[in-house]
Amino acid sequence: MNEAPLLQSGRSRLDFMVSASRGLGRLHGAVRQQVDALGIAPDDLPDDLDARDAFLCDQLAGSDAFHAADALQGYLGKEHGRVARDAFNEIAPAVLPELEALEAKGPATLTVDPDLVMPDYFDGVDFHSTLGGWDRHEQQGYIHGEIVHRLMVAKVFPLGDMFAQRRAVLKELPRQDYRDILELGTSSGHFTVALQQTFPDAHITGIDLAAPMLRQALRVANEAGWAWTLKQMAAEKLAFADDSFDLVTAYSFLHEMPESAIRAIYREALRVLRPGGSLLIADITPYAVQDKMTMWRADRSATHGGEPWWRESAMLDWAAIAREEGFADATGRGIAPKNFPWLVEASKA
Ligand SMILES: C[S@@+](CC[C@H](N)C(=O)[O-])C[C@H]1O[C@@H](n2cnc3c(N)ncnc32)[C@H](O)[C@@H]1O
């Protein structure tokens, strides 16, 4: 898909958000140096996350960099969704005809479920503080996938090339012959593209709660000529028969929900996998493998940055939970050098 043809005012506001995000990264670096200069050893920090945060806030009370970082982070969180939506509204008359034509083009299909009841943990939440969350703007798939993700987040993502990472995790899979793939949390289709490029002969089914996100995935697939089957559905209640897929996978998904949902999703994944089929989940780095300062930074960014389930999810041992829910051989490991993304791999006996 061509880069969103932003107009000058949308482009300049977006460029400002990107520069400000780069500045935020430098402020975080300065705060880290100040913590070191104060002689605070990460291992001596309180174990409890709230107590650790209170301790560090107290220690950093005189730090201009710390307060500037907090203020800038709050501003970016609140504003980035509005900036992206305004930038989209400016180009809507020019791009909507093409977006609508792409939806109708085929060969991909999208089935929406007007009766779907959204889970409480999802409904009405502005995930990442993005205005409208995943589903409260008809064009949120384009706004998030093409403007927020591609033109903002990808330019400042601190852990490398976001899109290359999606392709790289698929090299970790134990088989090369997947034919029926189910992706959970397809969203606007960034990981789905990597899946189809890696397994060109496979048929991909993608599900997501958010119909506006799936509509963007539909356009991406149709433009490339890929026959994806997209369905609006909760991953906890998959409307597929037992033994339907030989790979069930998700990228950047489990950190957006509570443990109860994660457990239900593992049970469903196991049910719809064929014997011998694989599970591959790629997500954020669990707190258990982070040092206490890195964990503090991640937790503070998440709790102040519209990630209501990040802490609960990051404190889980996702592989142990997968074993408890029936994947006997489930293991977890991080991709070097920073344990990101974190992978949970398992198979159905
Ligand atoms: C961070 S995005 C996924 C990103 C995407 N996989 C990628 O590679 O860019 C999370 C997605 O999960 C969806 N989602 C959250 N909870 C869900 C659930 N229980 N069932 C299905 N989709 C869900 C959201 O609507 C959102 O589109």
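This is a predicted model: local features need pLDDT of at least 70, side-chain atom pairs count only at pLDDT 80 or more; totals for chains, interfaces and linings use all residues.

Me: Good. How many residues surround the ligand, and which are the closest?
Reply: There are 23 residues around the ligand, and the closest are Tyr121, Arg166, Ser187, Asp208 and Glu236.

Me: What does Tyr121 do there, in terms of distance to a ligand nitrogen?
Reply: A polar atom in the side chain of Tyr121 sits 2.7 Å from a nitrogen atom of the ligand. Leu209 also faces a ligand nitrogen atom, here with a polar backbone atom at 3.2 Å.

Me: Switching topic. How is the protein chain divided up?
Reply: Into domain 1, covering 8-106 + 134-151, and domain 2, covering 157-347. Their centres, taken over C-alpha atoms, are 22 Å apart. Domain 1 puts 38 residues into the contact, and domain 2 puts in 29.

Me: How much area do domain 1 and domain 2 bury between them?
Reply: About 3100 Å², with 53% of it on carbon and sulfur atoms. On the domain 1 side, Leu49, Glu103 and Trp134 supply 21% of the area buried against domain 2, more than any other three residues.

Me: What about charges, how many salt bridges are there between domain 1 and domain 2?
Reply: The count is 7.

Me: Which helices supply at least two residues each to the side of domain 1 that touches domain 2?
Reply: Those are α1 (8-37), α2 (49-59), α3 (64-105) and α4 (140-156). By type, the residues on that side of domain 1 split into 14 nonpolar, 10 polar and 14 charged.

Me: You mentioned α4. Which residue does Glu146 form a salt bridge with?
Reply: Arg150, with the closest N and O atoms 3.2 Å apart. Glu146 and Arg150 are 4 residues apart in helix α4, so about one helical turn separates them. As for the general idea, side chains of opposite charge can pair when their charged atoms come close.

Me: Nice. Now the backbone: where does Pro337 lie, and what joins it to Ala336?
Reply: Pro337 is in the loop between β7 (331-334) and β8 (342-347). A cis peptide bond links Ala336 to Pro337, with omega about 5 degrees. Pro341 is in the loop between β7 and β8 too, and the Phe340 to Pro341 peptide bond is cis, with omega near -10 degrees.

Me: And what is the phi of Ser252?
Reply: Positive, about 60 degrees, although Ser252 is not a glycine. You'll find Ser252 in the loop between β5 (245-251) and α8 (259-272). For context, most residues other than glycine have a negative phi, and most peptide bonds are trans.

Conventions. Residues are numbered from 1 along each chain as its sequence is written. Side-chain values use heavy atoms; hydrogens and water are left out. Domain bounds come from an automatic or database domain assignment. Contact means heavy atoms within 4.5 Å. Buried area is the accessible area (1.4 Å probe) that two parts lose on being put together, summed over both. A salt bridge is a side-chain nitrogen of Lys or Arg within 4 Å of a carboxyl oxygen of Asp or Glu. Ala, Val, Leu, Ile, Met, Phe, Trp, Tyr, Cys and Pro count as nonpolar, Asp, Glu, Lys and Arg as charged, and the others, Gly among them, as polar. A residue is near a molecule or strand if one of its heavy atoms lies within 4 Å of it. A polar contact is a pair of N or O atoms within 3.5 Å; within protein, one must be able to donate a hydrogen and the other to accept it, and residues adjacent in sequence count only if both atoms are side-chain atoms.
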